[in-house]
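Welcome! Open the structure in your viewer, and let's walk through it one selection at a time.

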Amino acid sequence: MNQYNHLLEEMRNKLPLGESFDVMERDLSIGGKNTTMFFVDGLTKGSVVQLVMSFLLAIPPQAMERAKTAKEFIKYNMPYLDTLTEADVDTALKHLYSGLLPVLIDGYDEIIIVDIRDYPSRSVEEPSKEKSLRGAKDGFTETLMTNIALIRRRLRDNNLIFKAFVVGKTSKTDVSIAYMKEKADEKMVEKLSFYLKSLKLDTTTVGEQTIVEALGRMQKWRNWMNPFPKVRYTQRPDVVSAHIAEGKIAIIIDNSPTVLIVPAGIFDFVQDVDDYYFPFITGNYFRLLRIINAIVILFLTPIYLLIGQGDIPIPINIDFFVPDENFAISLFWQFILLEVAIDGLKLASLNTPESLGMSLSVIGALILGEFSISSGWFIPQTILCMAIVALASFTQPSIELGYGVKFMRILILIGAAVWGIWGAAIGLGIGLLWLVTTKTIGGSSYLYPVIPFKWSALKRLMFRTTK
């Protein structure tokens, strides 16, 4: 049995031909030589397939005699850029299920792989969560090569490197890391490359959170209850490009429009794309507003609880804001129930059709709010405080960090309800201990550049500088 028949038999044995209707085999003759090609219907571009086949069928026998190997055949007879050879059948099958076209020709001991893929994908549009008032309006899609092209378009530099990996025993998901050579930490690049090569995941799909959790297990993160995000998530190419240019590393995952940025400390989450699309003063105002809102989000409800319990003297100017009558439900439980209710409304909005979104807002804001006050369950002041917290949370670009702050706020609330002002201080101390003991994926301090302190780096993160 010659090598062509051996490769053909191995391919046919491993492929579900006749079982799965979208996996197809096509036999033809090229220059008098038997040829077989395999493809997956739905992952290939029909016009390109017709062009490739019409060209192959037009190759004369003399041209075939000139090419003694598969590489020579590509050199003399294949005027297509994305063409390669592969001797391993399993690798060829991986290419097949990625939308490429394996071509077996009698007389050659390697398989010719032609890129004719055409994935179903949506258009490049601005992410709904990360909209900007100015600047670019494009966003990542679920196609890996499209996302890579969006980054390459912005960073036209020889030092921009993309490394490819395959993750997942079942899904065989394409994963790429992007970094700027000579700016990114080479040890971090090597560590990430080692981790991605070593990942053994037997899942149907590999998403961004799957990668993060797998990397966490490999690095043996002990504090699994820590709610603060270890990476930054974004769907904006301009944000990823800016971080890569600063020396960060991006992890791009096929089938996901979300790109991971590592390493990420807590101060990386206070930055937003609009800071750099507006004048210097306006950009710094936006950033200052987000920092103030972060403080409000963390401390507003615990401070109001301490004032309501009498642990903190009521300022004379806001004594009207703290009622002196008894409540049907204590202030603490009102805040806890409102925390849960707001998250419930958020989840409900995610599963509500757009045509019914206004109805959900009316029901949540008017009917439920008014009824809860008139029935005596809640007082207007607690609802107002939680409304301010909920609105302020929308100014933060990171949903993940927002929930980390939320859990820290609830911890302070519990401490304030049990032990008063000292309990609130204990809750705040535990939250700060979370932050101090948290490490990034690279192993550095989560609070850098505060711990260890470096003013020049902290200044760039807290304020938009002119340099």
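Start by selecting L150, which sits in helix 6 (residues 144-154). Keep in mind as you look around that this is a predicted model. Is L150 buried or exposed? Its relative accessibility is 8%, so L150 counts as buried, the cut-off for that being under 20%.

Now show what surrounds it. Leaving aside residues up to four places away in sequence, L150 touches V124, D138, G139, F140 and P237. Pick F140 from that group: it is 10 residues from L150 along the chain, and the C-alpha atoms of the two are separated by 7.7 Å.

## Second stop: helix 9

P237, one of the residues that L150 touches, leads us onward. Select helix 9 (residues 237-245), where seven of the nine residues are buried, so this helix is largely enclosed by the rest of the structure. To see which ones they are, colour P237, D238, V239, V240, S241, H243 and I244.

What covers the buried residues of helix 9? The cover includes helix 6, where you began, along with strand 6 (160-167), strand 7 (173-180), strand 8 (232-234), strand 9 and strand 10 (259-262).

Before moving on, click on G247, which follows helix 9 and has a positive phi, near 110 degrees.

Go to the loop between strand 7 and helix 7 (186-198) and select E182. Phi of E182 is near 75 degrees, a positive value in a residue other than glycine. E182 is exposed, with a relative accessible area of 69%.

Next, find N255 in the loop between strand 9 and strand 10. N255 is not a glycine either, yet its phi is positive, at about 75 degrees. With a relative accessibility of 57%, N255 counts as exposed.

Select V262 and P263 together: a cis peptide bond joins them, with omega about -15 degrees. P263 belongs to the loop between strand 10 and helix 10 (280-309).

## Last stop: the whole chain

Zoom out and switch to a cartoon view. How many helices and strands does the chain have? Its secondary structure comes to 15 helices and 10 strands. The radius of gyration is 29 Å, well over the 23 Å that the globule rule gives for 467 residues, so the chain is more spread out than a compact globule. Turn the model to view its extent: the C-alpha atoms fill a box of roughly 100 × 50 × 45 Å along the principal axes.

With a surface display, you are looking at about 24,900 Å² of accessible surface, 61% of which belongs to carbon and sulfur atoms. Of the 467 residues, 45% count as buried.

Finally, colour the chain by pLDDT. The mean is 84, and 92% of the residues reach 70 or more. Among the elements, strand 9 (residues 249-253) has the highest mean pLDDT, 94, while helix 12 (residues 357-374) has the lowest, 65.

Terms used:
Residues are numbered from 1 along each chain as its sequence is written. This is a predicted model: local features need pLDDT of at least 70, side-chain atom pairs count only at pLDDT 80 or more; totals for chains, interfaces and linings use all residues. Side-chain values use heavy atoms; hydrogens and water are left out. Helices (H or I, at least four residues) and strands (E, at least two) are DSSP runs, numbered from the N terminus. The radius of gyration is taken over C-alpha atoms; the globule rule is 2.2 Å times the number of residues to the power 0.38. Buried means under 20% relative accessible area, exposed over 50%, partly exposed in between (1.4 Å probe, protein chains only). Accessible areas come from the Shrake-Rupley method with a 1.4 Å probe; for residues, only the protein chains shown count as cover. pLDDT is the predictor's confidence in each residue, from 0 to 100. Contact means heavy atoms within 4.5 Å.
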